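Subject: Structure handover

Hello,

Here is the structure we talked about. Please open it first, then read on for what turned up.

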Amino acid sequence: MSSTSANIVRAEQIWLDGKLVKWDDGHVPVMTHALHYGLGVFEGIRAYRTHDGRLAVFRLREHIERLFDSAHICMMKLPFTVEQLMEACLELLRKQKDQFANGAYLRPIAFMGDGAMGLGAINPTRVAVTAWDWGAYLGDKGIRDGIRAKVSSYTRMHVNVNMVRGKISGQYVNSILAKREAVLAGYDEAILLDISGFVAEASGENIFLVNKKGIIKTPPLSCPILDGITRDTVLKILRDSGRSVEEVTVTRDALYIANEVFFTGTAAEITPVREVDNRTVGAGKPGPITQYVQETYFRTVRGQEPRYIEWLTYV
């Protein structure tokens, strides 16, 4: 493997339109429709090294089914079945599993290919799966100690502006602008509000908070948020532990005075937030519920929680 950036150690091969090809041979034409207009859908999936040294993909079926849902929302017909794309992910890892000593991040993507141009064009859908060794998205220190977040000046798009249940390529420009704004201002991540001023989500993560009464809250799916698979995982973990979670609208200042705030996402995993808009959250370090979620989550993805073993697909 070779390093292509500070964050990516790439694999030797990718899966493209039904077959494995060398990474450097995975080209698309400059006139690819999705490159010009953003019509594509994608997923982020993690595969972890389990406690016994095997490689296992976390919630593979749920991710691929969401990819198909996203494509359906965009009226894109995928030329493969759910089972075929699941197998594509596994084949890619199987052929290169020794290269992923610490696990892998998978990126299935479907996009409108080249042919006609213009907004009304309907070209064949192309599908690829790539994989690389990607560590903690917001850094190991962020996972351990928590990060600093900033409420963005950018607003999460309204449900009549974007399709919030779809993980759609072009929609992420909104997140990119918010993320860049936050990083340039010295923060680690951005938090976006909806058009009513309620907390929606971070640039690439869902949000949970624990208030001073110990009540756990997260924005509901009626907000313009992605129906996160890690969010769903955390809801299950918390409720199985006997804790209740309220899926309710949350104001910005509720984050300021919370005892705990944490982000969830496939890339970010479970990342504590120690500060929002220069206000220290709680004690300024991961709280007990955040720590419980982190510990249970990492035990789960490493195959150490028998009650959640069905979430793992071994390579």
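A pocket is an open set of grid points with protein on both sides within 12 Å along at least five of seven lines, and a lining residue has an atom within 4 Å of a point. Keep in mind that this is a predicted model.

**Second largest pocket**

Start here. This pocket holds about 280 Å³ of space. It is lined by 16 residues; closest to the centre are Arg-46, Tyr-48, Asn-102, Glu-269 and Arg-302. Two elements, strand 5 (45-49) and helix 4 (140-145), each give two or more residues to this lining. Which element gives the most? Strand 5 does, with four residues. Sorted by class, the lining has seven nonpolar, six charged and three polar residues.

**Cavities**

Now look inside. There are two cavities of 30 Å³ or more.

The largest cavity has a volume of about 50 Å³. Its lining includes Asn-259, Glu-260, Pro-272, Lys-285 and Thr-290. Strand 15 (260-265) and strand 16 (269-276) are the elements that give two or more residues to this lining. By class, the lining has five nonpolar, three polar and two charged residues.

The second largest cavity has about 40 Å³ of space. Its lining is Arg-46, Phe-58, His-63, Ile-229, Thr-230, Thr-266 and Tyr-297. Three of these residues are nonpolar, three are polar and one is charged. Arg-46 lines this cavity, and Arg-46 is also among the residues closest to the centre of the second largest pocket.

**Helix 8**

Next, check the length of helix 8, residues 288-301. How far apart should its ends be? Its 14 residues, at 1.5 Å a residue, should span 20 Å. The end C-alpha atoms are 20 Å apart, so the two values agree. The buried residues of helix 8 include Ile-289, Val-293, Phe-298 and Val-301. Thr-290 is buried in helix 8 and lines the largest cavity. Tyr-297 is buried in helix 8 too, and lines the second largest cavity. After the helix comes Gly-303, with a positive phi near 75 degrees.

**Cysteines**

Last, the cysteines. A disulfide is a covalent bond between the sulfur atoms of two cysteines. How many disulfides does the whole structure have? A search finds zero. For Cys-89, the nearest cysteine sulfur belongs to Cys-74, 19 Å away. Is Cys-89 buried or exposed? Buried, because its relative accessibility is 0% and the cut-off is under 20%. Cys-223, at 5%, is therefore buried as well.

Best wishes

Conventions: Residues numbered from 1 in each chain as written. Predicted model: local features only at pLDDT ≥ 70, side-chain atom pairs only at ≥ 80, totals over all residues. Heavy atoms only, no water. Disulfide = S-S within 2.5 Å. Buried < 20%, exposed > 50% of the residue type's maximum accessible area, 1.4 Å probe, protein only. 1 Å grid on protein atoms, 1.4 Å probe; cavity = no way out; pocket = protein on both sides within 12 Å on 5 of 7 lines; lining within 4 Å. Points joined across faces, edges and corners; volume = space filled by probe spheres on them. Nonpolar A, V, L, I, M, F, W, Y, C, P; charged D, E, K, R; others polar. Expected span 1.5 Å × (residues − 1).
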